[in-house]
Each structure stands twice: as structure tokens, then as C-alpha cells.
Amino acid sequence: MSERTGREPKVPSQQQLPAGWEAVIGLEIHVELLTRSKVFCGCSTEFGAPPNTHVCPVCLGLPGSLPVLNEKAVEYATRAGLALHCEIAPYAKFDRKNYFYPDLPKAYQISQYDLPLCKNGYLELRVGGKVRRIGITRVHMEEETGKLVHSTATIVGSQYSLVDYNRSGVPLIEIVTQPDLRTPEEARLFLEELRSIMLYLGISDVKMEEGSLRCDANISLRRPGETRLGTKTEVKNLNTFRAVERALRHEAFRQAAILEEGGRVLQETRGWDDATGATVPMRTKETVQDYRYFPEPDIPPLVLDRAWVEQIRKALPELPAARRQRFETQFSLPAYDADVLCQHPAVADFFEKAAARFPDAKTVSNWVMGEILRLLKATGEEPAVLGAHPEWVDHLVGVLELVQAGKINAAAGKEVLEESVRTGRAPEEIVRARGLEQVGDEAKLREWVKQAIGTNPDAVASYRAGKAQAAGFLVGQVMKLSRGKANPKVVGELVQRELGPPGQGS
Amino acid sequence: MSDLRELLFASIEELSALLWQGEITARELAEAHLRQIERVDPAIHAYLTVVADRALEQAAEADRKLADHRKAASTGRASSPPQPAELSLLGIPWACKDVLCTRGVRTTCGSRILEHFVPPYSATVVERLDGAGAVMLGKVNMDEFAMGSSTENSAFGVTRNPWDLERVPGGSSGGSAAAVAAGEAVFSLGSDTGGSVRLPAAYCGTVGLKPTYGTVSRYGLIAFASSLDQVGPLTRTVRDAALVFQAIAGHDPLDSTSAPRPVGPVLEEVEKGVRGLKLGLAPEYFGEGLSPAIREAVLSAVRRLEREGAEVVEAHMPHLDYALPVYYLIAPSEASSNLARYDGVRYGLRTPGEDIIAQFSRTRRDGFGPEVKRRIMLGTYALSAGYYEAFYLKAQKVRTLIRRDFEEAFRSADVLVTPVSPTVPFRLGEKVEDPLQMYLTDIYTLSVNLAGLPGVSVPCGFSPETLPIGLQVIGPAFSEGRVLRVARAVERTVGAELTSGRRPAVAVNGR
Ligand SMILES: [Zn+2]
């Protein structure tokens, strides 16, 4: 009986699971909250400061220091719980989770064990046109640990390790789902949706690469229709959305290969190696870690005022799902557009502002999804930057109006928009300065058309032989001659006028 | 003042008056105490660290302030002369238990693992005393991490009882009590987790107050058992205890468990006498194991209080027998967690090992003494999966029953009067090999910590071998004024000879 095959399973790249198996997936997600100060002291939570500059006796766990709970962190965690349809506990408490690690200054993490702040919620996902409700077991608060910097890649074999406690004590929420997810794709979609919600709530910057959003995943396989759960493995250190999906798919195929050989899946913790695209067993102890949880005696229990919770509930912003729905009806957008636009609140805001000033919402959507997102990607900026540049809405609307009025063509419009965004100059000004106005003057256009016909006899011949698409080639030649300024629609008409309908040899 | 040595046995109030009148200076007072430490501490070993320069600076500052106040009062610039209570600690030398963090001054907690630890901050109570102008002479000895009843568990050697150098001063605040008894400080601060202020106070013939949990900030108090620890003063008189308590008590935003309520005028209440007060006597405190001399001293004090107009009522503490086992589950559980941070990574002792796990365990092997290790093991066991419900959780439930016992008792009694310890100070080494015997020493005090109540130990007599005997007064939460009021009546009626007459020979004659 093989416990664990060394053989790598074949994992197809497309969206599918090993035939005859159903995956049961649950996620544990850590989200760093974006409070200004840490959860139990007044130190700054700013990211990227020099090591150990944002520390004090409390977050270093010095002898005699005591934690004082940051109310803002409770508010943020409550906001998250409400957005995930959780019950908010009227009475919650903090517990100590005891374990030794050099990045854990007190050798215990203040967390929540049996009475978490939020529980029994759900999140609805749209997967392939169907709505899937994924249960949320709990959302609880805890503190971040410090960070180890090893002299080599890992703690084992390093000559020395340095510790940076700047992150120690940054507030975290841990979101635990029910094992309701069925495919790796669903897991990724869930995580993306969760990320959007956190952004809408304004409680985290949810950057996986900076560790402010982290995900561990549990996965087991069973035959469809079976209700009993199989042996699960836990995959840790998933730090991109893609990694979550790839790792789970790999793990599903690995487990299926073992089960189909009649083997047993070992309950273990595995890591994800992005380079090899495989999960690998992590060094784990023989026995389960005993955290020896017990109530934190330094922090009195948390008694939440109902009215305060209701106030937070009322102040919740419109969340991604509702906004998508509204975009589809209010602007008659396809579901795909609504999905893309609503992923990030700054993008959705940007779209709405532009759509309010330009009559064709679908065109606005195309430009936002195409050009605006492309510009952000090219500069490596976060979508949030859109909020800081209200003038970009003016630029986009300006460009769209110029295109609509036929003053420039779409291709020129894209160039103009990019330059507007880069320089802050108005689109009209750029069009004037660079002489990009579309040429609509028929005499000039006809001149170019004749030139194109004269220099491309082959294309003319095939057009006459009935190949209509040869006209497109000729239009392209004219666009080239006009350095992009010709109105392609008029040029197309002129070509046809000169040569007659296709297939009519002369 | 011709004989500065007489100052070494005076109360805060007496000294404050002399300072105010200009009869002595704070510098003279500090110097007299530093000399006394030099003279007698080699025999007693109360101090772990003496900070003479810091003390003399603080004294000079106090003298400047005293001069300013006097000038303001005489030229009439001050609308009214400063209240004595406000100024009562200005220039008064004190000793700080080494469990309290002191900025820039080594803080060992009686442990090798913190032998060279210099905190970058001070405990709130130290800040408050600094602010009041008190002069800190140094840091005094204690059982390692406050675990013990004899100060024999200190990594830096035992402290001896000034009344009999072959006997223990009690623990864990043994250094705090011995320093005050031997004229090495006018008052001191200790910490009390299961009786660690009251027991050494009783053994050394001083007053020791364990305040209501949450009235005195724990910020900067190195934690033993967080839900039980409380800082309290050790003084020569009950009124002094009230003065120091008023100076250190009050809400601290740095301690979430500190009570958000003002401290009442405790000192005013102290002299009100016991007429009409109901003193509860519970037979559970006077049973088997109590030394006859102590029983007689406590009951005789009660009879005197009756003559002063107090009424004796019967009280019961049906769950008192469980206090000891409950305490020895809860305190080590919390301690095992609180002491896990001493791993050699950031401060304190570090014994290198081939990997990080080895470094952790070797550091802790070398850094902790046997009693601390014993309690860490006990607590780790009690909290571990599978035993948590049977031990820790069950103990918390019984703790609630003990708390209810007190509530029930205080329906009929205003305070409870009990012994502090079943025996007089025992000989050094006598119980070291028998932890269970040692644990029994705290049998009358630790239920007060489990219930979070105030308790005071006040001298009430001497044993035939001339060893001090203490009496404990326990009151409902936040009744510090009332327990001190009863203690003051004991002091007035039976304890006067302790504060003026008898003094430890070593303190008078040197070693
Ligand atoms: Zn801090």
C-alpha cells in the first residue's frame, strides 16, 4: 500500500478535476487590517519601514508590558463579519494560543478560540451562471507575528536569522470557510470575491504579495454523491490567486492518483512550490501541536453594544455583488463587464463617474476595461490610484467625445488618453498640438485611396476576384498613408466607390 | 536632628513633617538610608541593586521642590498650603521589589534569565512614585518570578529575617519586607499573587496591603499569574499604607484590567475606629495546623477590637479547603504562558544551541530555577489538550464558588479577620525540600487573590520566641478604606509596641 507516491501526477492545465472524483475544499484566510496603529499598542502599522522601528515594549512582549485593545480593529473586524452575513457575538473574548517561535515575542498569540467575534455567515459566488453559497464558519481577531529573515533560504541550515518585529501586533482577522468549495476554480473565485469585499469595506489593502492577504487551503477527495469526507491535506503558503488554484488542482490529482492505486492519503501539511508547480510535504512534527488555549487574562471580555453593531451595519457600503447587479440593470452592461468593473471599488467608481457624463455606457465600459486597466498595469499602479486622480475621468470623457464627434479615430484616442493621463494635459490640446485631427476631407482622402489602389495591384485584383477582405487591406494602406488620421469608415466607402462591389472584374 | 539613626524607624508621616519643617533634608534622609544599607544589608541581603546616584539625584530634586513649596507658602503665593497627603512622599526613600520594571535600572525578577535585563520603561506604579517625589534606593530581593513563600527561591541568594537571621522573611516580597523592618527603606512595594505582600509583612512585623484586583496598575509588573497579581505597599504603619496606596492606585489606560473608578479618600477613613463594625470570624481559618500562639494573638486582638465597639459575627467559608488546589492550578497555568517569552531571543540570558529549539530549551534550562520549572511544568500539564477541562476549567468553576463564599460572608460581616500564616517564620532551609509544605504557608492568604479582594496584614503581637505575628483583615472589593480602618484599630490597641518599642537587633546594632 503506497502511503504517498513519489510520482508526480499528470495535471491538465484546463479547468477540470480528476475524472470520477469530487473535491471538498475549505479555506482559512488571514487578512491584515488597515488600522493606523497596532491591535494592542499605539505603534504604527505602516508597511516597509526599516526593521524594528515600529516597536514598543508591548509589541515586543517585554516583561511587564500589557495589551490594550484597539477599538478600530474591533470595528473593522465587525464590518467584515457583517459583510459576510455573520452573527456578531454580543460577548466575545480573547484567548492565548501558546507556541514557541522566534518571531512570536510573547510565545503566545492573542487570538480568539471558543467565542469568536463573528460566526455562521456565508458568501455568495457566481460560478458559471449559478449562485453558490459558501458557508463562513467564523471570523475572529488575532495579532500578527514578527518576520524572520534567514541568512539562507530556510531557518534550517541558516547560520543566523534576524527578526523584524514591525509587523508584530498588526491586527488580523482569520476567516474560516465551511468545506463548501468544490473546485480549485471556485476556491480562487471565492478568494477574489473576498478580496473585493475587503476593498469595498476599506479595512485592508489585501495585497497577497505583501502578505496582507494569506490563504491556507484544506482539500480532500470523495466519490460524487458520497457524504463522508476523505482524508484531507492542508496546503500552506499560497501567495497568489493563481497559486491557490494551481496548488489545489495539483493536490486533487495527487490525491486521486494515490486513491486510485488503493493507497491512503496522509493527513499532513504541504507547501506549494510555484516553480515546480507541485505541492511538497512540509516538515511537520509527529504529533498535533497543542496550543494550550486559555482565556487571555490581560484583556477583559468584549461586550458589544447592539446599537453600535447596528450603526456599523447601516454604514456598510454597497458590496461588489449588489454593485454588479446594479451595473447590469442600470447601465445594461453584460455580466462580464460588470464583473471586471466591480472587482475593485476604485474602478467601479471611476466607471460610474465617466458613465454619468457620457451617454454610451458600454463604450465607457470598454475603455475602462481596456485602456484604463491597461494603463494601470503598464505603470504597475494599484487601481486605488484612480481615486487620487479625478481628472482622469475628464480625460477619458474628453477622448470619448472627440471620437464620437469623429474628430479623431479610436486608435488616436487611445494614444491621446495615455498622454493625457501621463502629462495631465487636456485631450483637445494634445490632438491640436500633435495634429491628430481625423481627416474627413473627401478630396484628400480620395487622393490617398487612388494612391493605394495604384501601388497595390495584387490586392485590387483579388478584390475584383471576389475577396471582399482585400478592401480592408487597402483601407489599412490608406490609414498608413494618412499616418492614422483618415476616417476609416469614409475610406471604406471611398474604396468601394472606386472599385465597385467586390467580385466585379473590370 | 541629632540622631539620624532614629529616622530609620520613623513613619512616612513623621518624616514628611520633618522634611516640611526643614528639620532634615531629603538628601540627609537618603544618605542615612544608604549608610544603613551598607551597615546591615550584608547580614540581611534585602537589596539586589542599590542605585545610590539615582537616589541622591532624586533627593536633591525633592529638596528643591520642598524649598519651592515652603517659599510659596511663606510668601503667601500659594492660596493654601499644600495638603500633606499630596506632598507626603516627597523625599521619602523607598525600596522597589525587583519584579517591577525600572527604566535604566536592572530588573531581574530574582531570576538568572533576567540577570542583566535593563528595561527601557518603568512600571506605572514606579512612574507614579517618581512623580510624587519619592526617592528609590534600589531593587529588593524576591523569590524568582514571585514564586515562593520564603525568598529562598531567588537566584541571587536568600534574604534573612531581620528579627532572626536564621529565619526566612517570608515571600515572595521578602526583600521588600526585610528592608522596611531593618530600617533600610521607609516603605517598599511588593507584589501579591497568593499572599506575597501579606505573608512577608507578617513575618517581618510590618504592614502589608494587597489591594483589590484592578485598583493598582499592573503595567510594568513582570507577570507571574495575571489574573491574581496585584502590587501593594509594605510600610511601618497602617496610615502609611493608606498614603502609599493612594499614591499608586487609580485607573491606568495602559492596563485594560485596571478599574475605571476613582480611588476614595482612604486615609480619611482609617481613623474612624471600629465601633459598629461587624468582624466576621470563620472557623475554617482557625482549624488544624494553626499555631496556638498565632491563634491566641489574633483572637486576643479581636477581643480588644470588641472592647473598642466592634461586633463579632460568625462567618463561613465552606469552599476554603479548595482554595489551595485551585490556586495551584490557575497560578501555574497562567505562569507557564507568561514565562514562555523568556526564550533568549530578544533579551536576558541566551545559551546557544545547534538549532533554535535547542537554544530555547538550553536558555530556559540555565535561566530558570527549580521552583519556576516545577510550576511551568504543572501549568503546561494543566492546560494541555485533554486535561484542560478536568483541571483548568474545573479550577475556574471552583474559583467562582470561593468568590461566592466571600460574597455570602460579607452579607453579615463587614470584614473577615483571620491569621496571615499558620506558623511564625520558619528556619531557612526548613521547607526547601518539601514544596507541598511550603505551599501550605499561603493557605490563609491565597483565597483573597482568587476572589480579587483587598486584604491587609497588620502586626498583632509576638510569639514566645519574639517573632512577629500578623493579623489579616479581608474586605469586599474596593473596601481598602475599611480594611485599613480595622487594621489601624489593631495597630492602636495591640501593635503599638511593634512600631515604637521593639526593633530587630541587627537593624539597631548592625551585624
Ligand atoms: Zn508597539
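1. Five cavities of 30 Å³ or more are present in the structure. On a 1 Å grid over the protein atoms alone, a cavity is a set of points where a 1.4 Å probe fits but cannot get out. Grid points are joined across faces, edges and corners, and a volume is the space filled by probe spheres set on the points. The model is a predicted one, in which local features need pLDDT of at least 70, side-chain atom pairs count only at pLDDT 80 or more, and totals for chains, interfaces and linings use all residues. Residues are numbered from 1 along each chain as its sequence is written, chains are lettered from A and ligands numbered from 1 in the order in which they are written, and side-chain values use heavy atoms, with hydrogens and water left out.

2. The largest cavity has a volume of about 80 Å³. Its lining comprises 14 residues (those with an atom within 4 Å of a point), and A:F40, A:V58, A:P67, A:K106 and A:I110 lie nearest its centre. Eight of the lining residues are nonpolar, two polar and four charged. Here Ala, Val, Leu, Ile, Met, Phe, Trp, Tyr, Cys and Pro count as nonpolar, Asp, Glu, Lys and Arg as charged, and the others, Gly among them, as polar.

3. A pocket is an open set of points with protein on both sides within 12 Å along at least five of seven lines. Its lining has 32 residues, and A:E192, A:R195, A:D339, A:V340 and A:Q343 are the closest to the centre. At least two lining residues come from each of β6 (118-127), α2 (184-201), α3 (241-260), α6 (335-342) and α8 (361-379) of chain A; α2(A) gives the most, with six residues. Helices (H or I, at least four residues) and strands (E, at least two) are DSSP runs, numbered from the N terminus. By class, this lining has twelve nonpolar, six polar and 14 charged residues.

4. The zinc ion is coordinated by the SG atoms of A:C41, A:C43, A:C56 and A:C59, at 2.3 to 2.4 Å. Donors are N, O and S atoms within 2.8 Å of the metal (3.2 Å for Na, K and Ca); water is not among the atoms, so sites may look incomplete. The arrangement is tetrahedral because the four donor atoms subtend angles of 100 to 115°, the requirement for four donors being that all angles lie between 85 and 135 degrees.

5. The spacing of the zinc donor residues in sequence is C-x1-C-x12-C-x2-C. Both A:C43 and A:C56 lie in the loop between β1 (22-32) and α1 (71-83) of chain A, so the pair ties together parts that are 13 residues apart in sequence. A:C43 counts as buried at 11% relative accessibility, as does A:C56 at 18%. Buried means under 20% relative accessible area (1.4 Å probe, protein chains only).

6. Strand β1(A) is largely enclosed by the rest of the structure, because nine of its eleven residues are buried. Ten bridges join β1(A) to the antiparallel strand β11 (residues 213-222) of chain A, where A:I219 is the bridge partner of A:I25. Five bridges join β1(A) to β10 (residues 171-177) of chain A, also antiparallel, and A:V31 stands opposite A:I173 in β10(A). Two strands pair if DSSP finds at least two bridges between them.

How values were computed:
Four donors count as tetrahedral if all angles lie between 85 and 135 degrees; four count as square planar and six as octahedral if opposite donors are over 155 degrees apart and all others between 65 and 115; anything else is irregular. Buried means under 20% relative accessible area, exposed over 50%, partly exposed in between (1.4 Å probe, protein chains only).
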